[in-house]
There are 2 protein chains.
Amino acid sequence: MQVFHTIPEMRNFVRQARAGGRSVGLVPTMGYLHEGHLELMRQAGKHCDVVVVSIFVNPVQFGPNEDFASYPRDLERDVRMSEKAGVDAIFNPSIQEMYPAGFCTQVEVGRITEKLCGLSRPGHFRGVATVVTKLFNIVKPDRAFFGQKDAQQALVIERMAADLDLDLEVVTLPTVREVDGLAMSSRNRYLEPEERRAALILYKSLQQARELYRAGERDASRLRRLVAAMIATEPLAGIDYVEIYSYPELEEVAEIQGPVLLALAVKIGRARLIDNIILE
Amino acid sequence: MQVFHTIPEMRNFVRQARAGGRSVGLVPTMGYLHEGHLELMRQAGKHCDVVVVSIFVNPVQFGPNEDFASYPRDLERDVRMSEKAGVDAIFNPSIQEMYPAGFCTQVEVGRITEKLCGLSRPGHFRGVATVVTKLFNIVKPDRAFFGQKDAQQALVIERMAADLDLDLEVVTLPTVREVDGLAMSSRNRYLEPEERRAALILYKSLQQARELYRAGERDASRLRRLVAAMIATEPLAGIDYVEIYSYPELEEVAEIQGPVLLALAVKIGRARLIDNIILE
């Protein structure tokens, strides 16, 4: 496995792979890998001849009061884990390599970014769409792999790729969870033991919502209120949002008829955790 | 020569050219071709094996009170002229093909778009950067050709291509002029005979500025004022802007030391005409 820090090196690797007729899969990450990332890599390996993983903590997708500085980083560990997962190359550029002096172009996806994490984190999806456009143009993958845990991000990237005519397939894979149900996230590392126990309330409340849905509940605002009430029973949890939108359009729904996304963002200690399920 | 109206057809043509090892040149246009466009096509033909011309009057780069509806269109004429100029394929998509329902992604270049035509035409360069990103992703050219008449546009596209890591070369070619010096433009068609004569004031004032510069004038605001005063002698001409900025950074200059762009936008009748020279 090779590790590249510059765009020309990365391009050159991919060019050679392509010249040999091999397909390329890309797994964009911010590093500090967990089982969710590894599953994306393994799936990429099943569907593509060559797997590239990008590891880049992208400053422009963090707000001024967010955790850019403290976001966990451990390249050595990431390299070891990626190699075991069968990755062929890691792209680990510096901030300077990605955003040299004079950089001033942004990719902005409208509408579906105006809710959920887009409301709580202004500019976040602009930063995501911009860096992913760059990564797509550098690596030129046939397929790129994202996790359903970041459901809105996956929709933003699908939209961006379609709208800008990027010639690739965006693949979104199911959320990988800890044994007790907590969605895997690099930010789980922020949780103190007591907070880790409290964090289970996200999964539990989603499960409860699924049961209510299965029992016939179709009133979106009642379902939201029940989920919010359940999260509120956990004293360490502070709700950022609990929302239900049509999926994948992310439009308002009163009565649930087609598939909907039930999405949560909850602060527990230093961590802001997100999770979601699709009800259909 | 082939004419394609859909993205899959266009992609397929380029894929075949590439599979045969041929390089691809793209000349993006809004049609109603003139000698300036033809020169771009001929230069593309010199530097690339296959030349693609896009003809698309891009609605999103026109402001609500601008000339989108009346912009001259004549595909048959354009096809004839392109064929003579040695073009291999024309890409002429519908608005629906480029902006299908649900489209909501924009490419925005900052800083250098905050002056000149970016001030007079809010949103114009966002529309340009978005459509050109799309065209670049559809045609995947090795080189794309633009005219220096639209100096700011060329800089915006260079910036966008660099910032988004598009793997292509942006080539900017000198302005092509009528015998009397008027810069070629599809919008010259709007000029009544009397206005056509008046329009020469753009070229004349740029020439005068060049003479003053050669004679040693280095005070940017004095030069601007002299150019503006000369344009004001033409009763049919209404100045939108006369500006001098460092080139290619487009930063303010008081005393001219390095290369500068002297750029004009002037309304004459229904036409808003632009022209520029680089002083160095």
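With 16 C-beta neighbours inside 10 Å, B:Arg111 counts as partly exposed. This holds for a predicted model, as do the other values reported here. B:Arg111 lies in the loop that runs between S5 and helix H5 (117-120) of chain B. Its phi is positive, at about 50°, although B:Arg111 is not a glycine. A second residue of chain B other than glycine, B:Leu250, also has a positive phi, near 60°. B:Leu250 is placed in the loop between S8 and S9 of chain B. With 24 other C-beta atoms within 10 Å, B:Leu250 is buried.

The loop between strand S8 (237-246) and strand S9 (260-268) of chain B also holds B:Pro248. The peptide bond that joins B:Tyr247 and B:Pro248 is cis, with omega at about 10°. In chain A, the bond from A:Tyr247 to A:Pro248 is likewise a cis peptide bond, and its omega is near 5°. A:Pro248 is found in the loop between strand S8 (237-246) and strand S9 (260-268) of chain A.

The arrangement of the two chains was examined next.

In the contact between the chains, 22 residues of chain B meet 22 residues of chain A. On the side of chain B that touches chain A, two or more residues are given by each of helix H1 (7-19), strand S5 (105-109), helix H6 (124-139) and helix H7 (151-163) of chain B. S5(B) provides the largest share of this side, with five residues. By class, the side of chain B that touches chain A is made up of nine nonpolar, five polar and eight charged residues. Strand S5 (residues 105-109) of chain A pairs with S5(B) across the two chains; the sense is antiparallel and the pairing extends over five bridges. Within this pairing, A:Gln106 stands opposite B:Glu108 of S5(B).

Within chain B, six strands form an open sheet. Their order is S1-S4-S3-S2-S6-S7, and the pairing is parallel. Strand S1 (2-4) and strand S7 (169-173) of chain B stand at the edges; each has a single partner strand, so one side of each is left without a neighbour in the sheet. Neighbouring strands of the sheet are turned against each other by 25° on average, direction ignored. One of the pairings is that of strand S2 (residues 24-29) with strand S3 (residues 50-55) of chain B, which run parallel and are joined by six bridges. Here B:Gly25 has B:Val51 of S3(B) as its bridge partner.

Helices of chain B pack against these strands. H6(B) touches S2, S3, S4 and strand S6 (143-147) of chain B, and its direction makes about 150° with that of S2(B). Helix H6 (124-139) of chain B is also among the elements that give two or more residues to the side touching chain A. Helix H3 (residues 75-84) of chain B lies across S1, S3 and strand S4 (89-91) of chain B and runs at about 165° to S3(B).

Chain A is divided into domain 1 (2-173) and domain 2 (186-279). The centres of these two domains, taken over C-alpha atoms, are separated by 26 Å. Their contact takes 12 residues from domain 1 of chain A and 14 residues from domain 2 of chain A. On the side of domain 1 that touches domain 2, helix H5 (117-120) and helix H7 (151-163) of chain A each supply at least two residues. This side of domain 1 of chain A has eight nonpolar, two polar and two charged residues.

Technical notes
Residues are numbered from 1 along each chain as its sequence is written. Chains are lettered from A and ligands numbered from 1 in the order in which they are written. This is a predicted model: local features need pLDDT of at least 70, side-chain atom pairs count only at pLDDT 80 or more; totals for chains, interfaces and linings use all residues. Two residues are in contact if their C-beta atoms, placed from the backbone, lie within 7 Å. Helices (H or I, at least four residues) and strands (E, at least two) are DSSP runs, numbered from the N terminus. Ala, Val, Leu, Ile, Met, Phe, Trp, Tyr, Cys and Pro count as nonpolar, Asp, Glu, Lys and Arg as charged, and the others, Gly among them, as polar. Two strands pair if DSSP finds at least two bridges between them. Domain bounds come from an automatic or database domain assignment. Axes are lines fitted to C-alpha atoms, for helices over the stretch in contact, and angles run from 0 to 180 degrees between N-to-C directions. A residue is buried if 20 or more other C-beta atoms lie within 10 Å of its own, exposed if 12 or fewer, and partly exposed in between; C-beta atoms are placed from the backbone.
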